Amino acid sequence: MSELEFDFPGLEVGVAEYEEGPTGCTVFHFPNGGAMVERDVRGGSPGLFGDLDWVDAICLAGGSLYGLEAAAGVAAELFDRRGRDTSWQSIADVTGAIIFDFGPRQTSVYPDKELGRAALRAAVEGRFPRGRRGAGRSATVGKTFGLERGEPGGQGGAVRRVGGARVGVFTVVNAVGAIVDRDGNVVRGHLDTATGTRHRLVEGIEARMAGTPVHGNTTLTVVVTDQKLDRWPLRQLGRQVHASMARAIHPFHALTDGDVLFAATTNAVTDASVDSLTLGVVASELAWDAVLAAVAD
């Protein structure tokens with residue numbers, strides 16, 4: 001496990017975990033007035049919290065639908081920070097999504113309200129734990145040919161400057177699909193334990209046809225920039241990046257996945273030379289980096 005260090009004012013990231021699960025949650029907090037957000041939902045089995053277009057925080061968690069409670073904990077912690085002010089303009093706006101991580105573990109522990117509070121308390125600028133941390137604590141990947149062929153997943157991130165703006169991609173990879181590098185090699189998942197080799201999707205598809213669907217998957221992604229964008233370009237940015245991730249995850253957006261991408265902008269920077277297409281190209285490469293970083297250890 002490693003930690004990504006990055007420069008992105010106005011973005012704080014925190015994780016909290018229950019080792020007895022093991023499971024956890026990952027919170028992205030926008031302390032300087034929040035962020036505009038769009039969602040791209042492509043998996044067949046998503047689980048989401050909060051249908052908001054402007055948020056103070058995004059919470060990703062394990063624990064399937066029960067883990068949505070962690071997002072309520074983030075909101076409760078923000079409520080306390082605001083002096084429990086009940087005026088309309090002070091309501092804490094939190095959105096989030098979950099992965100199903102019960103499969104590889106034998107406990108019923110899930111990220112609850114207190115864990116969401118703890119993740120927000122731990123949030124700091126410039127650090128993102130990679131690997132089996134936070135919401136990716138018990139994630140698995142590469143289960144197309146059966147759960148026994150899967151391997152540990154995790155969470156990964158990558159950040160880059162584009163002109164005067166910044167863009168980052170952070171992802172929790174718990175996919176039914178395997179992870180593929182830029183040379184087309186399967187680097188995590190689809191593991192044949194007898195031989196120690198990993199199979200490409202097409203190599204084992206006939207065997208897959210005789211199998212049963214592997215439930216309990218999902219890849220959750222946050223694309224965040226500080227470049228000022230209108231809502232439509234932000235939405236297209238999210239779609240562009242989400243579609244590009246099919247290069248790194250084979251297969252992707254399956255019926256038994258719950259893939260969700262949140263595209264967010266803090267609108268802190270206006271650089272006329274940076275448009276949403278440029279951001280999308282850069283962010284798509286960062287997304288591949290983030291997926292690979294999630295399983296690098």
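Which residues does Asn-174 touch, not counting residues up to four places away in sequence? In this predicted model, Asn-174 touches Ile-99, Phe-100, Ser-138, Ala-139, Thr-140, Val-141, Lys-143, Gly-216, Asn-217, Thr-218 and Thr-219. Asn-174 is placed in strand S14 and has a relative accessibility of 1%, so it counts as buried. Its side chain reaches the backbone oxygen of Phe-100 at 2.9 Å.

**Nonpolar cores**

Val-173 has contacts with Ala-139, Thr-140, Val-141, Gly-153, Gly-154, Ile-179, Thr-218, Thr-219, Ile-249, Val-291 and Ala-294, again leaving out residues up to four places away in sequence. Val-173 is also among the residues with the most contacts inside the largest nonpolar core, along with Val-167, Val-223 and Ile-249. This core has 31 residues. Two or more of its residues come from each of strand S13 (154-162), strand S14 (165-174), helix H4 (231-244), strand S21 (260-269) and helix H5 (276-294). H5 gives the largest share, nine residues. A second, separate core has 25 residues, including Ala-97, Leu-220, Val-260 and Ala-264. In soluble globular proteins, nonpolar side chains tend to be buried together.

**Helix H1**

Helix H1 covers residues 69-81, 13 residues in total, and reaches 19 Å from its first C-alpha to its last, close to the expected 18 Å. Its buried residues are Ala-70, Ala-71, Gly-73, Val-74, Ala-75, Ala-76, Glu-77 and Leu-78. The elements covering them include strands S3 (23-29), S5 (48-49), S7 (57-61) and S8 (94-98), and helix H2 (113-121). After H1 comes Gly-83, with a positive phi near 70 degrees. Glu-77 also takes part in a network of salt bridges with Asp-80, Arg-84, Glu-114, Arg-117 and Arg-121.

**Salt bridges**

The whole structure contains 20 salt bridges.

| Pair | Distance |
|---|---|
| Arg-127 and Glu-3 | 3.3 Å |
| Arg-166 and Asp-7 | 3.1 Å |
| Arg-137 and Glu-19 | 2.8 Å |

Arg-127 is partly exposed at 41% relative accessible area, and Glu-3 is partly exposed at 38%.

Arg-166 lies in S14 and Asp-7 in the loop between S1 and strand S2 (12-18), 159 residues apart. Arg-166 counts as buried at 12% relative accessibility, whereas Asp-7 is partly exposed at 47%.

Arg-137, in the loop between S10 and strand S11 (140-141), and Glu-19, in the loop between S2 and S3, tie together parts 118 residues apart in sequence. Arg-137 is buried at 19% relative accessible area, and Glu-19 is partly exposed at 47%.

Key:
Residues numbered from 1 in each chain as written. Predicted model: local features only at pLDDT ≥ 70, side-chain atom pairs only at ≥ 80, totals over all residues. Heavy atoms only, no water. Core = buried A, V, L, I, M, F, W, Y, C linked by side-chain atoms within 4.5 Å. Buried < 20%, exposed > 50% of the residue type's maximum accessible area, 1.4 Å probe, protein only. Helix = DSSP H or I, 4+ residues; strand = E, 2+ residues; numbered from the N terminus. Contact = heavy atoms within 4.5 Å. Expected span 1.5 Å × (residues − 1). Polar contact = N/O pair within 3.5 Å; in protein donor to acceptor, adjacent residues only side chain to side chain. Salt bridge = Lys/Arg side-chain N within 4 Å of Asp/Glu carboxyl O.
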